[in-house]
Amino acid sequence: MHAKTLDHETFLDTGLPLFADMPFKVADMSPATVRFGRKELELALHEMPGLAALRAEYAGKRPLEGARIMGSLHMTIQTGVLIETLVELGADVRWVSCNIFSTQDHAAAATVVGPEGTVEAPAGVPVYAWKGETLAEYWWCTLQALVWPGHSGPNLILDDGGDATLLVHLGKELEEKGEMPDPSTTDNAELKVVLSVLRDVRHAKGDGFFTEMARHIRGVSEETTTGVHRLYERVEAGTLLFPAINVNDSVTKSKFDNVYGCRHSLVDAIMRATDFLISGKKALVCGYGDVGKGSVQSLQGQHARVAITEIDPICALQACMMGIEVTTIEQAIGAGYDIYVTATGNFRIIDVGHMARMKHNAIVCNIGHFDNEIDMAGLEARVEAGTVEKIEIKPQVHEFRFLDSTHGPNGGPHSIIILAEGRLVNLGCATGHPSLVMSASFTNQTIAQIELHENAEAYGANIIADPKGKKPTVITLPKHLDEKVARLHLEKFGVTLTQLTPEQAAYIGVEEQGPYKPEHYRY
C-alpha cells in the first residue's frame, strides 16, 4: 500500500494509474472478438423488443440529450444493447461491470468499438470491464467510469447492487467528516479495497473530490433488491444525496428478471460448470422470494427433488402450496443434499461449518447477491490455515477439499464444488438471463433514466447542491409505465389483448387503457 498516491502512480497491485485517463480497458480488442460481439448484439436486439420499441418511439427526439450516465451493471451482450439504446436516445455513457466474473469480453469489446466504429478507430462507449478482475481492478474500473472528461463526473447513475452509489456516498461522507479513509480499520477484503481507493483519491485530488462529483448527480436508478435496500436505509438515515428510482420492484423487472430469468439461467450455469446430472438429485434453495421461486422452478424443470429454506412465513406457506418441502440448512446437510443454492440477498447463509459437514462433491452456488451469501471468507481462511485445499477445476469452478474430514471416499477427506467463487453463478458460469427477459428489466431502466433526466427534482433535491430543498426520495415507476413495458413485449408472443368497453371500465373503476391494478396489487 502507498503512503501517498499521485495521479501517475499505480493503484494497489493493479499496475494501473489511479487516474489512468484511458479511453477504455477491456480484455480483447481483436477483430474476431469484436465481430463476434457485434453479431451477438444484433441478434440480442431482435430478442429485446422493449428496447427496440423505445428506439423507435424516440427516434430523432434524443430525450437523454445532456445526460451523462455512469452505468455499473454486468457487461453482457444484453447490457450492450441497453448501452447503445441510451446512446441512441442522446446520452453520453461510461460503463463498468458490477461483478468481477460477469463480463462477456466480446460484448465489452463490441460496445467500445460501437456500431459505426472499427478496431482501429473505436466509436462506441468507454467500457472498463473484463472477466476475472481482481477486487482492486474492479474498484479501479468503477473509479474510471465515474471520472468524466471535462466534468466532475456523471449527472445520472444506472446502478446494479449500489456499488457506484456507495463509492460516491462514502467518499463524500469521509471528506465531510475530515476523516482519512483507513483500510486497516476493517477485516473485510472488499471494504479494504474501497477504503484504499478513497484514501488514494484523497492523496491525489485533495479533500473535495467526491463531494464535488456528488453535487452534480441528479439521480440514480437501481436494479437489485440489495441495492434498493441500501437506498431505503439511506432515506431512513437522512443520508441519501440525490433521488432514486427503484427499478427492482417494477413488476416487469422483479417477475421477469428474478423469476423467469433465474428459471432459465440457474440450471444452465450448473450444467455448464459441472456436467453433473441434476435429475433425481436433492437440491436446497435458500430463500423463496422471486429469485428463489425462479430457482426452484429451474431445478424442478430438470426433475430435481427440491426443498427450500425460509424466514418469511408467507413465502414458506407459498412453498407448501406448491408441494415444496420447507426445511433448514442444518436438516438438509444431515439428509445429504447434493446441490445448495443461495437466493436470499442476506449474508452467511451457508457458512464454512455447514460446508465442512456436506456430502462429498456437493455443489454450492449463489444466485442471490454478492459473494457473502456463502461464507467464502471463512472458507479461504481455512485454505490459508492449511486445513482446506483449493483446487481449480476450470475458471470459476473450484474443488475445496476438507483435509481434516473423514466422510469422503474410503473414510478420507470430502470435497465440495464451489461455483463462481460464491458470486452470481448464472453470470460467472454461464451467460446470465436470456435477452428477452433482460429486455423487460432494461426497458424499465431506460424509462427510469428518461424520467430522472426530465424530472429528477420532482423526487427531491440533490442535498449538496440544494441543502434546503426537498429531501430526496426513492420511488418506483408508476403502474402505467410498468404496464407499458409489458405491452412493448406482447407482440413478440403474438398476443392480442382484450379491450374493455367504457361500461366495463366504469364498472371496475379503471380507465379503458389502464392502469388496471392499484399500486399495492401483488401479481
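**A friendly note on this predicted model**

1. Let us start with Ile77, which touches Gly37, Glu40, Leu41, Ala44, Gln104, His106 and Ala107, leaving out residues up to four places away in sequence. Contact here means heavy atoms within 4.5 Å. Ile77 lies in helix H3, and its relative accessible area of 3% makes it buried. The term buried stands for under 20% relative accessible area, exposed for over 50%, and partly exposed for what is in between (1.4 Å probe, protein chains only). Helices (H or I, at least four residues) and strands (E, at least two) are DSSP runs, numbered from the N terminus. Ile77 and Thr103 are 26 residues apart in sequence, and their C-alpha atoms are 9.0 Å apart in space.

2. A word on how to read the model. It is predicted, so local features need pLDDT of at least 70 and side-chain atom pairs count only at pLDDT 80 or more, while totals for chains, interfaces and linings use all residues. Residues are numbered from 1 along each chain as its sequence is written, and side-chain values use heavy atoms, with hydrogens and water left out.

3. Next, confidence. The protein averages a pLDDT of 96, and 98% of the residues score at least 70; pLDDT is the predictor's confidence in each residue, from 0 to 100. Over residues 1-7 the pLDDT is below 50, and this stretch has 21 contacts in the model beyond near neighbours in sequence. Where pLDDT is low, the predicted coordinates should not be read in detail.

4. Thr446 sits in helix H17 (residues 435-455) and is buried, with a relative accessible area of 0%. Neighbours within four places in sequence aside, Thr446 is in contact with Leu51, Leu54, Leu82, Thr85, Leu86 and Leu89.

5. Now look at His354, in helix H14 (residues 352-357). At 7% relative accessibility, His354 counts as buried. Not counting residues up to four places away in sequence, it touches Ile329, Glu330, Ile333 and Ile349.

6. Ala335 belongs to the loop between helix H13 (329-334) and strand E10 (339-342). With a relative accessible area of 39%, Ala335 is partly exposed. Ala335 and Lys359 are 24 residues apart in sequence and 9.2 Å apart in space, C-alpha to C-alpha.

7. What about cavities? The structure holds one of 30 Å³ or more. On a 1 Å grid over the protein atoms alone, a cavity is a set of points where a 1.4 Å probe fits but cannot get out, and lining residues have an atom within 4 Å of a point. Grid points are joined across faces, edges and corners, and a volume is the space filled by probe spheres set on the points. The largest cavity has a volume of about 120 Å³. Its lining has 14 residues, of which Cys98, Asn99, Asp163, Phe370 and Arg423 lie nearest its centre. These lining residues divide into six nonpolar, four polar and four charged.

8. Cysteines come next. The structure holds zero disulfides, a disulfide being a pair of cysteine sulfur atoms within 2.5 Å. Cys141 is buried at a relative accessible area of 0%. For Cys320, the closest cysteine sulfur is in Cys315 at 11 Å, again too far for a bond. Cys320 is partly exposed, with a relative accessible area of 43%.

9. Finally, some backbone details. Most residues other than glycine have a negative phi, and most peptide bonds are trans. Asp21 has a positive phi of about 55° although it is not a glycine; it is placed in the segment before H1 and is exposed, with a relative accessible area of 73%. Ala420 also has a positive phi of about 55° without being a glycine. Ala420 lies in the loop between strand E14 (414-419) and helix H16 (425-428) and counts as buried at 0% relative accessibility. The peptide bond from Gly514 to Pro515 is cis, with omega near 0°, and Pro515 lies in the segment after helix H19 (502-508).

Methods:
On a 1 Å grid over the protein atoms alone, a cavity is a set of points where a 1.4 Å probe fits but cannot get out, and a pocket is an open set with protein on both sides within 12 Å along at least five of seven lines; lining residues have an atom within 4 Å of a point. Ala, Val, Leu, Ile, Met, Phe, Trp, Tyr, Cys and Pro count as nonpolar, Asp, Glu, Lys and Arg as charged, and the others, Gly among them, as polar.
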